[in-house]
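Q: Could you take me through how ring pairs, buried side chains and pockets are read in a model such as this one?

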Amino acid sequence: MKNKLIYLSLLSLVFISGCIKSYHDPDSDPVNNNYPLGIFTGKFMRIHKNTLTSKYDTVTANLKLVLSTNTGYSVSGDTTVYHAGSYGSFSEDFVNMEFNDVTSPVNYTTKKTHLSGYYTYKYNGSYLEIVNGVKSDTLMCSYHLTKMK
């Protein structure tokens, strides 16, 4: 009888501990404070140099960028003309970010910019600047964003 009581109490302890949920949000983990995670808003800027006239065309759009280790990234906001709304997975280290946009067209080039590919970034805890990592003589895309939460 004593053995049954011990096994029953251990089994109930395991059952109770399995029912207690402890959710850990990796986006609010203090270890991740060096990485840009959360909700950011600000301006997207695309600067294109016309090779025939050597003049620059500049377009801007107000965007919202969500970076989460749970859900990946998403871009929304003013996505009607120059920048596409998109989402996907991303990875980052202390200097570079790579975005894998699942909405990016495969068979044709789009007139809208997608947040996709390699970028370099600077982040100070509240301000995030993302610049296309593949350098071009005629095209530069940059994001100037402020952390919301």
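Q: How many aromatic pairs does the count come to?
A: In this predicted model, the count comes to 7 aromatic pairs. One of them joins Phe44 and Tyr143, whose rings are tilted at 45 degrees between the planes and lie 5.1 Å centre to centre. Because Phe44 belongs to strand β1 (residues 38-49) and Tyr143 to strand β8, this pair ties together parts that are 99 residues apart in sequence. Both Phe44 and Tyr143 are buried.

Q: Why is the pair of Phe90 and Phe99 stacked?
A: Planes under 30 degrees apart count as stacked. The planes of Phe90 and Phe99 stand at 25 degrees, with the ring centres 6.2 Å apart, so this pair is stacked. Phe90 is buried at a relative accessible area of 16%, and Phe99 is buried at 1%. Through ring pairs, Phe44, Tyr73, Phe90, Phe99, Tyr119 and Tyr143 are linked into a cluster.

Q: Which residues lie nearest the centre of the largest pocket?
A: Of the 16 residues that line the largest pocket, Lys112, Thr113, His114, Ser116 and Tyr119 lie nearest its centre. The elements giving two or more residues to this lining are β6 and β8 (139-147), and β6 gives the most, with 3 residues. By class, the lining has 6 nonpolar, 7 polar and 3 charged residues.

Q: Is His114 buried or exposed?
A: Buried means under 20% relative accessible area, and His114, at 14%, is therefore buried. His114 sits in the loop between β5 (96-101) and β6 (117-123), and its side chain makes a polar contact of 2.7 Å with the side chain of Asp101. Among the residues that His114 touches are His83, Tyr119 and Tyr143.

Key. Residues are numbered from 1 along each chain as its sequence is written. This is a predicted model: local features need pLDDT of at least 70, side-chain atom pairs count only at pLDDT 80 or more; totals for chains, interfaces and linings use all residues. Side-chain values use heavy atoms; hydrogens and water are left out. Helices (H or I, at least four residues) and strands (E, at least two) are DSSP runs, numbered from the N terminus. Buried means under 20% relative accessible area, exposed over 50%, partly exposed in between (1.4 Å probe, protein chains only). A polar contact is a pair of N or O atoms within 3.5 Å; within protein, one must be able to donate a hydrogen and the other to accept it, and residues adjacent in sequence count only if both atoms are side-chain atoms. Contact means heavy atoms within 4.5 Å. On a 1 Å grid over the protein atoms alone, a cavity is a set of points where a 1.4 Å probe fits but cannot get out, and a pocket is an open set with protein on both sides within 12 Å along at least five of seven lines; lining residues have an atom within 4 Å of a point. Ala, Val, Leu, Ile, Met, Phe, Trp, Tyr, Cys and Pro count as nonpolar, Asp, Glu, Lys and Arg as charged, and the others, Gly among them, as polar. Rings of Phe, Tyr and Trp (its six-membered ring) pair if their centres lie within 6.5 Å; planes under 30 degrees apart count as stacked, over 60 as edge-to-face and the rest as tilted. Lists of a residue's contacts leave out its neighbours within four places in sequence.
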